[in-house]
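Here is a walk through this protein, starting with a hole inside it and working out to the sheet. Have the model open and follow along.

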Amino acid sequence: MNSSTPGIEPELHARRAASFGAEAAAYGAHRPDYPEKALAWALAGAKGTPERVLDLAAGTGKVSEGLLALGVTVTAVEPDAKMLEELTKTLPAVAPLIGTAERIPLPDDSVDAVVAGQAFHWFDLDRAYPEIARVLKPGGVVAALWNHDDESAGWLVELNTLIKTSVSRRWLNDYRSLLEHEAFEPFEKKTFGHKQPRTAESLVATFATHSHMLVATPEEREAKLRTAREFLDRNPETASGEFDLPITTTVFRARKR
Ligand SMILES: C[S@@+](CC[C@H](N)C(=O)[O-])C[C@H]1O[C@@H](n2cnc3c(N)ncnc32)[C@H](O)[C@@H]1O
């Protein structure tokens with residue numbers, strides 16, 4: 001959302017958007033998947049039953065995997081070759097393409113749904129919305145999903161405050177609201193409860209795949225990850241063995257006009 005989100009420096013935004021491939025295997029291993037009900041609700045916004053779906057900003061294929069389980073045909077578009085390489089290792093049924101939301105390498109009217117997980121905040125929406133509308137068939141749906149921390153868990157709020165880095169930013173338009181566009185009906189929003197089994201070690205490994213950690217200096221990154229580990233080791237909910245990381249999945253969907 002770089003053209004529409006004031007207060008985020010363009011250079012830092014670009015660096016963070018391009019940071020994930022450096023830890024692509026860790027991303028695939030440690031980031032959470034998406035609840036089946038959330039993906040099904042996203043697709044149900046289309047007129048008719050979607051058959052061909054684009055996973056936009058597919059990364060290592062977290063959304064693609066869930067879409068395949070719903071029985072649709074999936075094409076993945078992703079700018080980072082290392083992320084896409086991870087996807088192709090585990091999801092041979094998905095057609096992988098290098099591309100961006102602002103320049104989607106698909107013909108006009110070619111998919112019934114465009115789904116983007118954890119990615120709309122990286123897009124230049126002034127350019128991405130018309131591209132998404134172009135590749136969608138009439139009556140097709142665009143959906144944006146975010147997995148974010150369930151803020152009713154006090155310990156998680158406390159931990160997130162402790163591990164903010166000097167490059168952490170709060171997006172103004174993320175999972176709380178979404179910019180509307182004339183090509184689409186108004187967005188509908190729904191949230192879903194989700195969880196991910198974690199240990200102190202694997203949660204720290206998850207944090208290490210977040211873009212602000214990836215672009216922080218090695219010293220700051222190590223210090224923050226050490227702080228996280230120390231917190232998790234003394235926090236009663238996370239100190240012994242496996243626990244469930246509480247997640248809320250927020251979905252926005254809108255039908256093409
Ligand atoms: C946080 S990851 C999400 C990956 C995957 N969708 C998921 O849910 O796990 C963000 C992804 O967006 C990709 N990305 C960044 N800028 C993009 C753009 N302008 N268009 C398409 N993808 C972009 C990154 O390369 C990265 O793979």
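**Starting from the cavity**

Sort the residues that line the largest cavity by class and you get three nonpolar, two polar and two charged. Here Ala, Val, Leu, Ile, Met, Phe, Trp, Tyr, Cys and Pro count as nonpolar, Asp, Glu, Lys and Arg as charged, and the others, Gly among them, as polar. The residues in question are Tyr27, Arg31, Pro32, Tyr34, Lys62, Gln118 and Asn147. On a 1 Å grid over the protein atoms alone, a cavity is a set of points where a 1.4 Å probe fits but cannot get out, while a pocket is an open set with protein on both sides within 12 Å along at least five of seven lines; lining residues have an atom within 4 Å of a point.

A word on the model: it is predicted, local features need pLDDT of at least 70, side-chain atom pairs count only at pLDDT 80 or more, and totals for chains, interfaces and linings use all residues. Numbering runs from 1 along each chain as its sequence is written, and side-chain values use heavy atoms, with hydrogens and water left out.

Now for the sheet. Seven strands form an open sheet in the order β3-β2-β1-β4-β5-β7-β6, with mixed pairing. Strands (E, at least two residues) and helices (H or I, at least four) are DSSP runs numbered from the N terminus, and two strands pair if DSSP finds at least two bridges between them. β3 (95-98) and β6 (188-198) stand at the edges with a single partner strand each, so one side of each has no neighbour in the sheet. Strands β5 (residues 136-149) and β7 (residues 243-255) pair in the antiparallel sense over nine bridges; Val142, for one, has Ala254 in β7 as its bridge partner.

Helix α6 (residues 125-135) packs on this sheet, touching β1 (52-56), β4 (111-117) and β5; contact means heavy atoms within 4.5 Å. Its direction makes about 130° with that of β5, using lines fitted to C-alpha atoms (for helices, over the stretch in contact) and angles from 0 to 180 degrees between N-to-C directions. Which residues of α6 are buried? They are Leu125, Ala128, Tyr129, Glu131, Ile132, Ala133 and Val135, buried being under 20% relative accessible area with a 1.4 Å probe, protein chains only. Their cover includes β1, β4 and β5.

Note on methods. Buried < 20%, exposed > 50% of the residue type's maximum accessible area, 1.4 Å probe, protein only.
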